[in-house]
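Subject: Structure handover

Hi,

Here is the structure I promised to pass on.

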Amino acid sequence: MSVMELSHRGPEFEGIIREAEKSLRTLLAIPPNYRVLFLQGGATTLFSAIPLNLLPNAEACADYIVTGAWSQKAAAEAKKYGCVNVVNADASGMSDLGKELQLSPQASYVYYCANETIHGVEFAQPPAVPADQVLVADMSSNILSRPVDVAKFGIIYGGAQKNIGCSGVTIVIVRDDLLGKAQASCPEMLDLFIHAKNGSLYNTPPTWSIYIAGLVFKWALAEGGVEEFDRRSALKAGSVYSVIDSSAGFYTCPVPVHMRSRMNVPFRIQGGDAKLEKEFLAAAEKRHMLQLAGHRSVGGIRASLYNAVDVGMVEQLVAFMKEFQAAKQAPQA
Ligand SMILES: *Cc1c(COP(=O)(O)O)cnc(C)c1O
């Protein structure tokens with residue numbers, strides 16, 4: 001029988017899910033007072049589950065750091081269940097990560113998105129919040145690309161489909177003292193306590209996606225763990241940004257250097273020349289480099305450099321970018 005045919009209540013699947021949890025605990029050095037959950041509904045479901053679990057009532061407040069599309073969506077959803085303070089005044093999606101945050105002393109938690117997948121904005125380290133404040137991070141698109149000090153967080157979560165495995169499972173790492181305090185109206189499927197109490201087997205979990213995630217965790221450990229992916233990420237992103245920055249304006253990245261993502265590198269060609277960008281994408285596709293178009297909301301080009309993209313693939317991309325520029329700027333005969 002394949003994993004898809006196994007009962008999620010049987011000892012075989014029980015072994016698969018516990019082994020996946022064990023590997024993730026090793027990879028991120030997760031302390032024993034944190035629970036690891038494998039849930040459904042994607043990262044987007046957590047946009048609602050987080051306020052429902054952490055805000056005691058609809059009058060309570062949370063601080064949101066808005067740095068791009070995903071944190072903006074999370075803040076908008078949280079507003080349905082409590083009050084939301086956007087603590088970096090400029091919510092345009094390009095706010096400066098270095099700016100001091102106007103944190104509210106009474107906030108139930110501080111929320112941020114560790115890597116804005118669409119805008120290419122990444123926190124190199126977690127934002128500075130008081131040690132006793134509950135910090136919540138959406139790490140959907142940069143989890144396992146660098147070491148994290150889990151003990152600094154109340155909740156870390158992320159959908160699996162960017163840096164872990166196939167879609168369908170969302171990983172939640174939650175400090176156990178935060179569980180069991182959900183708002184009375186919280187749907188049972190969004191109550192993290194219920195999932196923790198049942199070892200992520202309250203109802204049928206996405207068994208296949210959990211199996212794949214477990215295999216990827218094992219692979220990541222064998223490759224050298226998050227320290228190795230940290231090193232590769234710096235190398236990969238560094239080489240793409242270096243081509244952009246040394247292209248004399250042929251390629252431009254809209255993100256200031258200190259906020260640039262190592263996972264998603266957005267860039268424009270000749271200041272956003274749609275015809276040239278289309279040509280670039282078509283030529284890249286001919287070389288089997290796919291999915292380089294920017295998100296439909298921002299356009300342009302986006303190179304996503306997830307853990308599955310190896311250094312050799314990035315070398316090919318970089319060589320292609322240089323060739324494309326040289327061909328476009330060659331003197332006309
Ligand atoms: C993709 C993504 C999401 C949404 O994930 P779904 O699993 O599609 O709900 C949320 N946050 C970030 C940072 C993402 O990259």
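Let me start with a salt bridge: Arg18 pairs with Glu21, and their closest N and O atoms are 3.1 Å apart. By salt bridge I mean a side-chain nitrogen of Lys or Arg within 4 Å of a carboxyl oxygen of Asp or Glu. Both residues sit in helix 1 (residues 11-28), three residues apart, about one turn of the helix. Arg18 is partly exposed at 29% relative accessible area, while Glu21 is buried at 14%. The cut-offs there are under 20% relative accessible area for buried, over 50% for exposed and partly exposed in between, with a 1.4 Å probe and protein chains only. The pair also belongs to a network of salt bridges that links Glu14, Arg18, Glu21 and Arg25.

Before I go on, some housekeeping. This is a predicted model, where local features need pLDDT of at least 70 and side-chain atom pairs count only at pLDDT 80 or more, while totals for chains, interfaces and linings use all residues. Residues are numbered from 1 along each chain as its sequence is written, and side-chain values use heavy atoms, with hydrogens and water left out. Helices (H or I, at least four residues) and strands (E, at least two) are DSSP runs, numbered from the N terminus.

More on salt bridges

Searching the whole structure turns up 15 salt bridges. Two others I looked at:

- Glu223 and Arg232 meet through their side chains, at 2.7 Å from N to O. Glu223 is partly exposed, at 31% relative accessible area, and Arg232 is buried, at 15%.
- Glu279 and Lys328 form a salt bridge whose closest N and O atoms are 2.2 Å apart. This one links distant parts of the chain, with Glu279 in helix 7 (residues 274-286) and Lys328 in helix 8 (residues 311-329), 49 residues apart. Glu279 is partly exposed at 30%, and so is Lys328 at 34%.

Helix packing

Axes here are lines fitted to C-alpha atoms, for helices over the stretch in contact, and angles run from 0 to 180 degrees between N-to-C directions. Under 35 degrees counts as roughly parallel, over 145 as roughly antiparallel, 65 to 115 as roughly perpendicular, and the rest as oblique.

Which residues make the contact? On the helix 7 side they are Leu276, Glu279, Phe280, Ala283 and Ala284, and on the helix 8 side Phe320, Met321, Phe324 and Lys328, where contact means heavy atoms within 4.5 Å. They divide into seven nonpolar, no polar and two charged.

Helix 2 (residues 42-54) and helix 3 (residues 69-78) make another pair, with axes that come within 8 Å and cross at roughly 45 degrees. Helix 2 is therefore oblique to helix 3, and their crossing is right-handed. Thr44, Phe47, Ser48 and Pro51 in helix 2 touch Trp70, Lys73, Ala74, Glu77 and Ala78 in helix 3. The contact residues here are five nonpolar, two polar and two charged.

Loops

Ser108 is in the loop between strand 3 (83-86) and strand 4 (110-113). Leaving out residues up to four places away in sequence, Ser108 touches Leu54, Leu55, Pro56, Ala60, Cys61, Ala62, Gln133 and Val134. Its C-alpha atom is 15 Å from that of Gly180, 72 residues away along the chain.

Finally, two backbone angles. Most residues other than glycine have a negative phi. Leu144, though, has a positive phi near 70 degrees; this residue lies in the loop between strand 7 (135-138) and strand 8 (155-159) and is buried at 2% relative accessibility. Gln291 also has a positive phi, of about 60 degrees. Gln291 is in the loop between helix 7 and strand 12 (301-304), and at 76% relative accessibility Gln291 is exposed.

Cheers

Terms used:
Left-handed = near helix turned anticlockwise from the far one by under 90°. Nonpolar A, V, L, I, M, F, W, Y, C, P; charged D, E, K, R; others polar.
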